[in-house]
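Notebook open, structure loaded. I want to look up the overall build first, then the holes.

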Amino acid sequence: MQEEGMLQCGRFRLSLQRPLIMGIVNVTPDSFSDGGRYADPARALAHARQLVAEGADLLDIGGESTRPGAATVSETEELERVMPLLAALRDDGVPLSVDTVKPGVMRAALAAGVDLINDVNALQAEGAVEALADSGAAVCLMHKQGDPATMQQAPRYASVVDEVEHFLLQRAVVLRAAGVASARIVLDPGIGFGKTVEHNLELLKATGRLASQGYPLLIGVSRKSLLGALTGRPVEERIHASVAMALLAVARGARIVRVHDVAATRDALKMWEALQ
Ligand code: HH2
């Protein structure tokens, strides 16, 4: 289906021969993982550059928290958070992703040269597919059940792996029909998005299956509550579990890991690569 081992990502063609690290830059006051440490644009920029120095292959810039229970922000506010960072990082030589569900933000980011649209809503908003299709950017299609405000209240599936896989492949079909080459598409089961601990574990156990559908698989588990449930640790003490889970995801076939702790993840993946 896809040119083997390559992601067409805006200005970049990224080899997937080795796993890629997507570093998380949340320009938000309320993200679960960093509690607004980088809400100030200058701090967010310094943090983004630090992640590149630590070995991030891509940067994912988000202006709206999607943590369970998070409030939505207006398009204007999201643009004010995200656009200055995109402009400042544009010539740093690293592919830039924007984490948004809003077609207006997608269009503005694409006009500013963003290389990947990371949409936890899998481009289901009206106009989102068209915005992406008209560009050369890549897209990450993520599965979620419900909306962040309520998604953790009562997640329910007959078979979580079947349903997530079916949804993602259907969304890929829609994109292909709109003219998006398969080499621009990344899939993500959406760990923590309308899923219980058991659902998340079933999906992570099925990484190999989900990674063998003809599209690179992205896994985002960094610092998430699943790790808190398994270790009993608060969010600021989940780095070891995060790195272990990223490594296990890669060992089972994930090609991109979305992480907060880039330096630690990079070292772990170097160990994995050394044994390939
Ligand atoms: N998780 C979060 C946000 N965006 N995008 C993808 N593709 N996959 C994920 O698993 C994913 C995502 C939530 O994590 P974070 O950005 O740290 O928190 P917040 O949404 O509170 O800013």
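My entries on the fold, the pocket and the cavities follow.

**Ground rules.** I am working on a predicted model, where local features need pLDDT of at least 70, side-chain atom pairs count only at pLDDT 80 or more, and totals for chains, interfaces and linings use all residues. Residues are numbered from 1 along each chain as its sequence is written, and side-chain values use heavy atoms, with hydrogens and water left out.

**Overall build.** I count ten helices and ten strands in the protein chain; these are DSSP runs numbered from the N terminus (helices H or I, at least four residues; strands E, at least two). Along the principal axes, the C-alpha atoms fill a box of roughly 40 × 40 × 40 Å.

**Burial.** I get 56% of the 276 residues as buried, meaning under 20% relative accessible area (1.4 Å probe, protein chains only).

The largest pocket comes out at about 430 Å³. Its lining has 28 residues, and Phe32, Thr66, Arg67, Phe193 and Lys224 are the closest to the centre. Strand E3 (20-26) and helix H8 (225-231) are the elements that give two or more residues to this lining. For the method: on a 1 Å grid over the protein atoms alone, a pocket is an open set of points with protein on both sides within 12 Å along at least five of seven lines, a cavity is a set where a 1.4 Å probe fits but cannot get out, and lining residues have an atom within 4 Å of a point. Grid points are joined across faces, edges and corners, and a volume is the space filled by probe spheres set on the points.

**Cavities.** How many cavities of 30 Å³ or more does a search of the whole structure find? I find two. The largest cavity has a volume of about 60 Å³. Among the residues that line the largest cavity I note Ile219, Val243, Arg258, His260 and Asp261. Helix H9 (239-251) and strand E10 (256-259) each give two or more residues to that lining.

The second largest cavity is about 30 Å³. I list Glu165, Leu168, Leu169, Leu187, Leu210, Gln213 and Leu217 around the second largest cavity. Helix H5 (residues 160-177) supplies the largest share of this lining, three residues.

Methods. Buried < 20%, exposed > 50% of the residue type's maximum accessible area, 1.4 Å probe, protein only.
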